[in-house]
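Notebook open, model loaded. I wanted to know how the pieces pack, and I jotted things down as I looked them up.

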Amino acid sequence: MVEYRIDRRSGVATYVQIVQQTKQALRLGLLEPGDKLPTAREVVEATAINPNTVLKAYRELEREGLVEARRGLGTFVRKSLGATPADSPLRVELTAWASRARAAGLDRDDVAALFTAVLDEQFKGDTE
């Protein structure tokens, strides 16, 4: 099951963070079709956010066709976004790279900027 982490200082709306984290879990294969998302109550208890915020995020995911709400049962994953499983060799390499970057004195923002620059370079002209 996915565990949401809310960064109140990020400037990103809380519901958007939930949507983004759910999509990331789908891409990494941590969530698969048929899996149940945490209930709004569980998310509220874990993150201390408003239940309406959770419901807004789940509605957005449903609008995108990624999840479906089943009355009285919960919200379930409809489709995956994943092409790379969480245990992929690429993840192992990226983890090692991130460790080297951190050891070299780069902070999270430095690493994110560097990684984004490389992504922009590699995927120039591609659109989502």
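Terms before anything else: helices (H or I, at least four residues) and strands (E, at least two) are DSSP runs, numbered from the N terminus. This is a predicted model, where local features need pLDDT of at least 70 and side-chain atom pairs count only at pLDDT 80 or more, while totals for chains, interfaces and linings use all residues. Residues are numbered from 1 along each chain as its sequence is written, and side-chain values use heavy atoms, with hydrogens and water left out.

**Entry 1: the whole chain.** I counted 5 helices and 2 strands in the protein chain. Along the sequence they come as α-α-α-β-β-α-α. The C-alpha atoms fill a box of roughly 50 × 30 × 30 Å along the principal axes. Of the 128 residues, 24% count as buried (buried is under 20% relative accessible area, exposed over 50%, partly exposed in between, with a 1.4 Å probe and protein chains only).

**Entry 2: Thr75.** I looked up Thr75 and found it in strand 2 (residues 74-77). Is Thr75 buried or exposed? Its relative accessibility is 13%, so Thr75 counts as buried. Leaving out residues up to four places away in sequence, Thr75 touches Asp35, Lys36, Leu37, Tyr58, Val67, Glu68 and Ala69 (contact means heavy atoms within 4.5 Å).

Entry 3: Strand 1 and strand 2 run antiparallel and are joined by 4 bridges (two strands pair if DSSP finds at least two bridges between them). Arg70 stands opposite Gly74 in strand 2. There are 3 residues between the strands of this hairpin, and Gly72 takes a positive phi near 80°.

**Entry 4: helix 3.** I checked the length of helix 3 (residues 51-63): at 1.5 Å a residue its 13 residues should span 18 Å, and the end C-alpha atoms are 18 Å apart, which agrees. The expected span is 1.5 Å times one less than the number of residues. Which residues of helix 3 are buried? They are Val54, Ala57, Tyr58 and Leu61. These cover an arc of only 95° around the axis, so they sit on the same side of helix 3 (the arc is that of the directions from the helix axis to the C-beta atoms). An α-helix has 3.6 residues a turn, so residues three or four places apart point the same way. The face turned away from the buried side carries the exposed Asn52, Arg59 and Arg63. Among what covers the buried residues I noted helix 1 (14-27), helix 2 (40-47), strand 1 (67-70) and strand 2.

**Entry 5: either side of helix 3.** After helix 3 comes Gly65, with a positive phi near 80°. In the loop between helix 2 and helix 3 I found Ala48. Ala48 is not a glycine, yet its phi is positive, about 60°. Most residues other than glycine have a negative phi. Ala48 has a relative accessible area of 64%, so it is exposed.

**Entry 6: the core.** Which members of the largest nonpolar core touch the most others? Of its 19 residues, they are Ile18, Leu37 and Tyr58 (such a core is a set of buried Ala, Val, Leu, Ile, Met, Phe, Trp, Tyr and Cys residues joined through side-chain atoms within 4.5 Å). Helix 1, helix 2 and helix 3 are the elements that give two or more residues to this core. Beyond four places away in sequence, I have Leu37 touching a list that includes Val2, Tyr4, Tyr58, Leu61 and Thr75.
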